[in-house]
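The tour goes stop by stop.

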Amino acid sequence: MKIYYDPLDPKCKSILGGIRQNEKLIINIFGKTAEPCLFVLKKDEGEAQYLQMEKTPEGYRIELCFAEKGLFFYTFLIGGQSAGCGKFRRLELMKPAQPYQILVSDPAFKTPDWFKGGIMYQIFPDRFYKSGDVTIGEGKWLHKSWDEQPEYRMNADGKVLNNDFFGGNLKGIIKKLDHLKSLRVTVIYLNPIFRAYSNHRYDTGDYMEIDPALGSDRDFSDFIKECSARGIRVILDGVFNHTGDDSRYFNKYGRYDSVGAFQSKDSKYYAWYNFTHFPDKYDSWWGIDCLPAVNESCEDYIEFITGERGVLRHWLRYGISGYRLDVADELPDEFVEKIRSSVKGYNEDALVLGEVWEDASNKIAYGKRRRYFQGGELDSVMNYPLKDAIIHFVSTDDTTNFRETVAALRDNYPKCVLDSLMNILGTHDTVRILTALGGVHVAGKDAMSVTVLDEDTRRLATERLKAATVLLFTVFGVPCIYYGDEIGMEGYADPFCRMPFAWDKMDEEILFHYRRLAKIRSSHTVFKEGDYRELFADKNCIVYERRNKSEVVVVCMNRGDNKFDLKFKGVLYDLLTGEKHKNSFSLKRRSYAILSNKYVN
């Protein structure tokens with residue numbers, strides 16, 4: 001029995017990816033068979049419905065319309081045989097059948113247009129650039145040299161305090177904004193900037209205050225203005241799952257002029273936390289006692305974060321353009337909904353982006369299916385699945401995992417989310433991309449602190465990085481540059497992926513490559529919301545296009561030893577070399593190209 005169904009083919013599924021309530025969806029199966037065909041539809045945690053498909057000259061057809069939001073799964077029953085999602089989303093006869101999914105969202109769900117087509121840049125504030133004198137608070141210390149390594153050793157109590165600082169600050173970021181402008185950056189994502197004890201500041205001490213080591217409220221206001229003058233927006237890290245134990249709200253060490261939850265059951269913050277034995281035993285993030293977990297169902301805490309005079313709107317009034325929600329999958333859906341409502345109620349164009357490491361369309365967290373993209377929660381997420389797929393592709397030269405990941409994201413996510421994904425190769429939580437692509441694995445922090453890539457390995461890693469960034473800058477979504485990746489910084493896991501920016505040791509070859517890709521991306525509208533289509537692929541080579549009404553960009557990534565001739569009608573320009581090609585292009589072994597009908601010098 002020869003049958004064909006591919007949900008990424010508009011002839012088979014009339015709407016790509018997720019759909020909206022009350023939107024007509026047509027599904028067609030193609031194949032010459034007289035066997036009856038049933039469409040097996042099941043709402044998440046619901047009972048299966050067996051719907052008769054209409055026979056057509058080409059196969060079978062069904063028209064669907066969903067009156068309610070939610071996640072639905074479907075397979076087919078063809079002549080009594082189960083069929084479902086196979087390799088690259090193509091239909092395969094199998095038992096049991098692997099289901100496809102349909103995510104149904106609110107009709108009003110949309111994502112900010114300003115974010116699409118842009119370039120993001122992530123900054124770990126203490127490590128970017130220092131300008132002027134910096135004052136470090138009690139119990140902390142400042143490195144004497146910008147070139148030193150972060151402290152990683154445990155103290156006598158077996159803890160890494162993260163209380164060493166390099167002095168990077170807001171004035172320092174302002175001084176280096178022109179560097180970001182040279183990368184065509186349109187939005188900066190800042191790791192936490194609120195007052196905290198640690199250098200990473202995920203242990204919030206006071207949500208309403210800029211950490212004095214970074215500067216003042218005035219410095220922050222100046223920073224926003226300087227960014228705006230360069231066409232750069234800013235989003236902040238929102239850490240709302242936990243606070244620091246050294247905070248105004250918990251106040252374990254009595255450093256704040258407040259009565260914290262640790263100090264008294266009469267504290268106005270006591271209900272924010274869950275104590276199992278007051279005061280020394282309490283819920284904390286992953287059992288780390290310096291990060292007491294917050295009770296996100298506490299009405300007082302919810303109001304403090306989401307209310308009219310709450311944290312979210314306080315910083316939105318400074319002109320920021322949204323938030324990245326730390327550990328979003330540990331925040332209850334109801335709380336995320338209130339966060340979105342608060343943010344969008346103040347500025348409907350602001351971005352709400354979540355830290356989710358898996359496919360966020362069908363994510364299950366703590367036994368509960370999440371509803372991030374049904375219209376009431378997130379606009380977007382960090383795209384860890386794509387990160388892993390790109391690294392695997394350029395490291396193994398095998399296209400399979402990359403193609404599977406891209407196909408799954410396109411099939412599962414609403415288009416407005418697909419165009420807004422935060423695409424990453426590295427973050428403050430992962431090994432530096434150049435180190436990852438070098439493939440030199442070491443165990444233990446002591447070894448990580450002294451291991452750097454040798455000349456040959458670094459050359460290999462650089463070649464892989466160039467290929468990886470071609471993919472990063474040209475697929476759907478928004479590429480995010482982790483500070484220092486663009487100059488070839490190395491580093492293993494935290495804290496070595498958080499080294500100070502090496503301003504005097506920039507790899508000009510890598511920086512030139514990033515700037516060239518940034519120029520290509522910013523010069524072509526097709527990267528904003530253009531369609532993605534795979535044109536050709538084998539084990540080692542993939543060719544895909546991005547297309548809108550006026551532009552087409554063809555991306556060729558050949559990691560193998562075969563050569564290929566591309567045939568087309570008309571003229572395409574190689575955006576990396578400036579060469580003009582008429583009717584054909586020869587793709588050499590182990591090479592890549594970005595071709596377009598539009599060339600900008």
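Two strands count as paired if DSSP finds at least two bridges between them. Helices (H or I, at least four residues) and strands (E, at least two) are DSSP runs, numbered from the N terminus. This is a predicted model, in which local features need pLDDT of at least 70, side-chain atom pairs count only at pLDDT 80 or more, and totals for chains, interfaces and linings use all residues. Residues are numbered from 1 along each chain as its sequence is written, and side-chain values use heavy atoms, with hydrogens and water left out.

**Stop 1: a sheet**

Select β2, β6 and β5. They form an open sheet of three strands in the order β2-β6-β5, with antiparallel pairing. The edges are β2 (25–30) and β5 (54–55), each pairing on one side only. Strands of a sheet pair through backbone hydrogen bonds, either parallel or antiparallel. Now zoom in on β5 and β6 (residues 59–64): the two run antiparallel and are joined by two bridges. Pick K55; its bridge partner in β6 is Y60.

**Stop 2: T75**

Next, go to T75, in strand β7 (residues 70–78). Buried means under 20% relative accessible area, exposed over 50%, and partly exposed in between (1.4 Å probe, protein chains only). T75 has 13% relative accessibility, so it counts as buried. What does T75 contact, leaving aside its neighbours within four places in sequence? Show L38, F39, V40, A83, A97, Q98 and P99. Contact here means heavy atoms within 4.5 Å.

**Stop 3**

Most residues other than glycine have a negative phi, and most peptide bonds are trans. Select F88, in the loop between β8 (81–85) and β9. Its phi is positive, near 55 degrees, and F88 is not a glycine. F88 is buried because its relative accessibility is 17%.

Move on to P96, in the loop between β9 (91–93) and β10 (100–105). The peptide bond from K95 to P96 is cis, with omega near -5 degrees.

**Stop 4: helix α3**

Select residues 217–229, helix α3. The expected span of a helix is 1.5 Å times one less than its number of residues. With 13 residues, α3 should span 18 Å, and its end C-alpha atoms are 18 Å apart, which agrees. Which residues of α3 are buried? Colour D219, F220, S221, F223, I224 and C227. The elements covering them include α1 (170–175), α2 (177–182), β14 (187–190), β16 (204–210), β17 (233–238) and α5 (311–316). After α3 comes G231, with a positive phi near 75 degrees.

**Stop 5: the largest pocket**

Show N162, H200, W285, I288 and L291: of the 40 residues that line the largest pocket, these are the closest to its centre. The volume of this pocket is about 1300 Å³. By class, its lining has 15 nonpolar, six polar and 19 charged residues. Here Ala, Val, Leu, Ile, Met, Phe, Trp, Tyr, Cys and Pro count as nonpolar, Asp, Glu, Lys and Arg as charged, and the others, Gly among them, as polar. On a 1 Å grid over the protein atoms alone, a pocket is an open set of points with protein on both sides within 12 Å along at least five of seven lines, and lining residues have an atom within 4 Å of a point. Grid points are joined across faces, edges and corners, and a volume is the space filled by probe spheres set on the points.

**Stop 6: further along the chain**

Select D397, in the loop between α7 (384–396) and α8 (400–412). D397 has a positive phi of about 65 degrees although it is not a glycine. Finish at P495, in the loop between β26 (478–482) and α13 (508–522). A cis peptide bond joins D494 and P495, with omega about 10 degrees.

How values were computed: On a 1 Å grid over the protein atoms alone, a cavity is a set of points where a 1.4 Å probe fits but cannot get out, and a pocket is an open set with protein on both sides within 12 Å along at least five of seven lines; lining residues have an atom within 4 Å of a point.
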